[in-house]
Amino acid sequence: MKLLKVGFLLGAGVVAGLSFNFFSNIAEARKPFTEEDLKLMNEELMALVKKGDELWHDPKLGKNGLTCANCHPDAANANPHTFPKFQDNVGKVATLREMINWCIKRPLEGKELPEDSEEMKALEAYAIYMYRGFTLRPGDNTREYPPVKVKSGPGYP
Amino acid sequence: MKITRRDLFKVSATAGMAAFTASALSPFTGLVSVAEAKSSKRSKIQPFNFVVVGDAHLYEMPNHRFDKTFERSIQDILNMNPKPDFVLFIGDLAQFGKVKELEKGKKFLDKLERAGIPVKIIPGEHDWYLDMGKTWKQMFGKPFWSFDHKGVHFIGMNSILVEDYWTARNMTPWERMLAIAELECHVCGLWGVGERQLEWLEKDVKNLSPDTPIVIFTHSPLWDYYPRWNFQTKDAPQIRQILSKFEKVIAIHGHVHQVVYNRTGNMVHIGNLATAWPWPYPPVELPYPKIRMFRADPGDIFDGVGFASTRIDEYFDGLMKFHTWADLIPDELKGGVPL
């Protein structure tokens with residue numbers, strides 16, 4: 001009886017796991033990823049997203065007063081989940097970072113950022129975070145995707 | 001042959017044509033029967049054209065890219081044949097409400113006046129929050145008004161008035177302006193026309209008969225599109241209530257920098273293009289998803305932007321045509337959007 005009960009519980013766990021994750025063989029992070037660790041790591045990420053948000057709205061990236069947010073409020077139509085993809089205007093398969101630099105150089109008439117710079121990482125982090133939960137669609141250059149729906153605040157915790 | 005992205009769009013647009021016709025005809029056929037019923041009004045309206053242009057967002061620096069697109073719009077309006085009866089500028093002439101930005105804009109608009117085309121104007125938030133509309137009012141007068149033209153009653157209102165978000169935050173006028181200059185400003189709150197203008201509107205239309213053709217201009221839409229980006233007017237329900245006695249109201253707005261269409265009760269709403277840059281569509285379902293523009297090429301400053309001219313006929317059926325320089329408008333809408 002006891003064994004049966006354990007078996008039932010195990011089965012229920014597997015079913016719950018399957019309904020939760022598409023793949024059943026997902027490994028979990030082992031300790032010491034405590035709740036506290038995860039909180040700290042998330043705070044680090046959010047600090048980068050916030051920095052990206054500020055840069056996204058900073059005319060200093062360009063020379064004509066424009067910011068990324070002029071055309072991409074809440075990072076709308078940045079479509080980070082569709083990279084890499086062939087970009088007509090870049091003339092090749094471009095990464096999100098290459099596209100960000102294209103925007104800085106052309107519409108903003110500014111100077112490209114080093115692709116591994118903190119500024120670039122921050123801009124990328126903000127754009128991606130505003131599309132959290134989206135399915136990856138590399139190569140999709142057929143449409144614009146609106147970002148997550150924001151009710152209040154900056155759009156991230 | 002090189003197949004561009006636009007060509008691909010066209011193919012899919014043609015394939016989707018049947019679906020479009022089905023969804024689009026339902027609102028539009030309604031107008032035909034209304035027009036027949038309104039034949040008694042034939043003598044009241046003398047058909048005419050007017051232009052709506054706006055969201056120029058001019059910066060202080062010389063030879064800015066937005067000067068070029070606005071200048072081209074003005075030039076195209078000057079070359080229109082027949083000449084429009086008037087031009088309505090629908091707000092956001094300046095980017096940061098600076099005197100020099102507004103002066104630059106006025107110089108462009110004066111070209112129209114000098115060519116004998118009267119200009120009517122309402123403010124946008126970018127014109128307003130540096131000095132709370134002081135310069136704008138000195139230059140252009142009252143921010144809300146009405147007039148009658150060839151049988152149609154036109155109304156313009158200032159829809160971008162927000163509650164004070166700056167005093168408690170100790171913001172300077174410049175900081176106040178920078179905050180609201182962001183579309184996704186999350187400290188500014190929702191804007192509207194306010195009590196004073198609602199009272200004025202009530203009086204303005206009090207003695208008009210229900211068959212009076214009404215056209216109303218506001219910077220922001222008079223329906224809840226996407227409040228996050230202030231694609232709304234807080235007291236739009238009251239405005240719609242005041243105007244509900246009329247057989248038909250055409251509401252035209254700017255601010256959204258995109259082609260967008262809706263109907264509420266007796267009102268048909270349409271959004272105008274900017275001359276500066278296009279906004280993406282927000283994450284909401286559009287009530288009329290086929291009445292929208294294509295994505296723009298960000299490498300072409302003349303793509304994604306433009307202005308509109310509207311023809312009003314004797315039955316008060318309107319037709320709004322978007323003037324663009326790139327292939328921005330789907331084929332089905334090139335002939336104009338019936339209003």
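Author: Two strands count as paired when DSSP finds at least two bridges between them. With that in hand, we can look at this predicted model.

Reader: What makes E8(B) and strand E9 of chain B a pair?

Author: Five bridges link E8(B) to strand E9 (residues 267-271) of chain B, in the antiparallel sense. At least two are needed, so the five bridges here make E8(B) and E9(B) a pair. As one example, Val260(B) has Gly271(B) in E9(B) as its bridge partner.

Reader: How do you know that E4(B) is paired with strand E5 of chain B?

Author: The test is the one we just used. E4(B) and strand E5 (residues 152-156) of chain B run antiparallel and are joined by five bridges. Among the residues concerned, His149(B) has Val152(B) in E5(B) as its bridge partner. The hairpin of E4(B) and E5(B) has two residues between the strands, and Lys150(B) there takes a positive phi near 50°.

Reader: Why are strand E4 and strand E8 of chain B said to stand at the edges?

Author: Six strands of chain B form an open sheet with mixed pairing, in the order E4-E5-E6-E7-E9-E8. Strand E4 (145-149) and strand E8 (260-264) of chain B each have a single partner strand, so one side of each has no neighbour in the sheet. From one strand to the next, the twist averages 20°.

Reader: Why is H3(B) called roughly parallel to H4(B)?

Author: Helix H3 (residues 65-78) and helix H4 (residues 99-114) of chain B pack at an angle of about 5°, and their axes are 10 Å apart. Angles under 35 degrees count as roughly parallel, so H3(B) is roughly parallel to H4(B). On the H3(B) side, the contact is made by Phe70(B), Glu71(B), Ile74(B), Ile77(B) and Leu78(B), while H4(B) brings Phe108(B), Lys111(B) and Leu112(B). By class, that contact has six nonpolar, no polar and two charged residues.

Reader: What makes helix H4 of chain A "mostly covered"?

Author: Seven of the ten residues in helix H4 (residues 96-105) of chain A are buried. They are Leu96(A), Arg97(A), Met99(A), Ile100(A), Asn101(A), Cys103(A) and Ile104(A). Each counts as buried because 20 or more other C-beta atoms lie within 10 Å of its own. The buried residues of H4(A) pack against H3, strand E1 (85-87), strand E2 (92-94) and helix H5 (118-129) of chain A.

Reader: Which residues have the most contacts inside the largest nonpolar core?

Author: That core has 91 residues, and those with the most contacts inside it are Val52(B), Val87(B), Phe89(B) and Ala251(B). Setting aside neighbours within four places in sequence, Phe89(B) is in contact with Val53(B), Gly54(B), Leu109(B), Val119(B) and Ile121(B). Another core lies apart from it and has 28 residues, including Leu61(A), Ala69(A), Phe83(A) and Ala122(A).

Reader: How many residues does the contact take from chain A and from chain B?

Author: Chain A gives 26 residues and chain B gives 22 residues. On the side of chain A that touches chain B, helix H3 (residues 68-71) of chain A supplies the largest share, three residues. By class, that side of chain A has eleven nonpolar, nine polar and six charged residues.

Reader: And what does chain B as a whole come to in secondary structure?

Author: Chain B has ten helices and twelve strands. Of its 339 residues, 46% count as buried.

Note on methods: Residues are numbered from 1 along each chain as its sequence is written. Chains are lettered from A and ligands numbered from 1 in the order in which they are written. This is a predicted model: local features need pLDDT of at least 70, side-chain atom pairs count only at pLDDT 80 or more; totals for chains, interfaces and linings use all residues. Helices (H or I, at least four residues) and strands (E, at least two) are DSSP runs, numbered from the N terminus. A residue is buried if 20 or more other C-beta atoms lie within 10 Å of its own, exposed if 12 or fewer, and partly exposed in between; C-beta atoms are placed from the backbone. Two residues are in contact if their C-beta atoms, placed from the backbone, lie within 7 Å. Ala, Val, Leu, Ile, Met, Phe, Trp, Tyr, Cys and Pro count as nonpolar, Asp, Glu, Lys and Arg as charged, and the others, Gly among them, as polar. A nonpolar core is a set of buried Ala, Val, Leu, Ile, Met, Phe, Trp, Tyr and Cys residues joined through C-beta atoms within 7 Å. Axes are lines fitted to C-alpha atoms, for helices over the stretch in contact, and angles run from 0 to 180 degrees between N-to-C directions. Angles under 35 degrees count as roughly parallel, over 145 as roughly antiparallel, 65 to 115 as roughly perpendicular and the rest as oblique.
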